[in-house]
Amino acid sequence: MIPRVQKRGKRTIGLLYYLYGPGTHEEHVDPHLVASWDNGAPDPGRDPNATLKQLQQLLDQPVENIDAAARPKKHVWHLSVRNAAEDRILTDEEWGDIARRMAAAAGIDDPEEDSGCRWAAVRHADDHIHIVATLVREDGYKPDLDFDAHRVQAEARLLEAELGLRRLNKGDGTGAKRPTSAERHKAERQGRERTPREELRETVRRAVAGVESEEEFFARLTAAGVLVHKRVAPSGDLLGYKVALTGDLNKDGEPVFYAGSKLAPDLSLPRIRERWSSNAAGHEPDTDRSAGSARVTPSTARRQATSASWQAVLIIDQGDDGHIAALIAAGGEMLDALAKTSAAYTRRELRDAAFAFERATRSHVQAERDHARGLRQAARDLVHGGPALGRVEDGATTAMLIDMAFFFVTAASHWHAMKGHAQQAAAARQAAEHLRAAYQAAAPMYLGTMRDRGRCMSLPLQRKQTAHLRQAVPELAERVLAEPGWYALAATLADVESVGHDPAALLAEATERRELDTADSISDVLVWRLRRMADLPADASTLPEHTTVAPTATRGPAVPSRSTFSPHASVTRG
């Protein structure tokens, strides 16, 4: 249930005409009252003898009864209350009870003293109502509407539980502004999947991922094809900006601009500047690294982002709050950059993951952004490395990074839940599900090659890798050996040894750094982790010299195993 306090108005009759009219897109059906201040207000929708003028005069009567100088300049209060699409259709009686409780919670009605404001609740659709009120009480005083929006939200949470409706997470005021009904209807008419506000928020977030200056930020916006208007002070200082989509016009044929702060609280120009402010405070960027960002390859950028994400996961597990908040915000930039540079087969899920995780990047915890430079540089490298163009190693490192990104957003979800940030935790969980789907699209072809190599290893070599596994993680060995992914892990252990590492020691280190008991596929997790730690190519399609293929007659698995592929859902839920 979403209650929204709308802008106050001056004309009661104008709002009533809209609520009882057909709507801007003929969407209003059977408009009628479900409740009012005295339960006896005339209903122009059901009573043929009642008129809108009569209802307006009754609502405005307390306002007209006081001196003109004391009347509020905008005396019309308007609250819409909308249910989720999957909720059951409520009866008029239920909506009437909701209206009475919302009016009381906001401070409009005062049931105990019977001296509140006059109000009426209109229903013209199955899923929502509108409450219209005038802001002078029956006793001539003005109502106390401080924090009315917060109070109706709290009442909505109670009503959701009582009526068995979808229960929304409690907000903390740091969320981005939701599209209005008019914006949603306009997007539907234009055939847009998302509203211009949402498209612009995504575009600006991608433009800001890893940027190091205002010039670079605005150049990216221009390259993205959006209209940009800068607000400049008489002194020449840049104060802010606003953006518009080229085809989004108002009734006068002019572009509809949105200020950055109206897209999201952290997209105002001052907040964007905070992302690179540590450089200006004396922490100079790595000049060689920055200069080389334009030349970094997609696969190298993905490996670096994987390492930066892993370090962030370890800090989220045990760091201080300001540091963690900064890492989560920077992780959002990394996801935006990954979505921007992804291949077609993962693009939709990665875009949805970044879109969902955006809500998890803000809370009331003050981010200490100087601690997140590694992740921001990773985002920058992803952008400058460019899109994955079908090269095998690009795709394999993408799967490796998606796997680690799942760890990252899961850790962020746990931290937010621990802090009581319900909306942020839910957003991170939603992002994890999209990353799970992206991983399942990206990983099988590369893991399949490794599994084939593992199955083709000689029996003595398979037994050797099994011994390494039992030595390193005896408590997990049987579970791993029973997984379809064990053969890929066996091949990776052989690769680890071929480049000079102790397989058992490196495997023990990989498992100690984060628990794996709840992983859907422990072997898949360890494959990517070991290949990253040993600096092995993410793609293992070439049969290395160390692999000895057993004759067909004697070839067989070291332990019983299924041959069917079970898609790795990336990892851990705990």
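In helix 1 (residues 12-20), the buried residues are Thr-12, Ile-13, Leu-15, Leu-16, Leu-19 and Tyr-20, where buried means under 20% relative accessible area with a 1.4 Å probe, protein chains only. These residues lie on the same side of helix 1, because they cover an arc of only 160 degrees around the axis, the arc being that of the directions from the helix axis to the C-beta atoms. Their cover includes strand 2 (32-36), helix 2 (52-64), strand 3 (76-82), strand 4 (119-123) and strand 5 (128-134). Helices (H or I, at least four residues) and strands (E, at least two) are DSSP runs numbered from the N terminus.

This is a predicted model, in which local features need pLDDT of at least 70, side-chain atom pairs count only at pLDDT 80 or more, and totals for chains, interfaces and linings use all residues. Residues are numbered from 1 along each chain as its sequence is written, and side-chain values use heavy atoms, leaving out hydrogens and water.

Turning to the sheet, three strands form an open, antiparallel arrangement in the order 6-7-8. Strand 6 (227-232) and strand 8 (258-259) each have a single partner strand, so one side of each is left without a neighbour in the sheet. Strand 7 (residues 238-244) pairs with strand 8 in the antiparallel sense over two bridges; pairing requires at least two DSSP bridges between two strands. Tyr-258 of strand 8 is the bridge partner of Val-243.

Across the protein as a whole, there are 23 helices and eight strands, and 54% of the 574 residues count as buried.

Methods: Buried < 20%, exposed > 50% of the residue type's maximum accessible area, 1.4 Å probe, protein only. Contact = heavy atoms within 4.5 Å.
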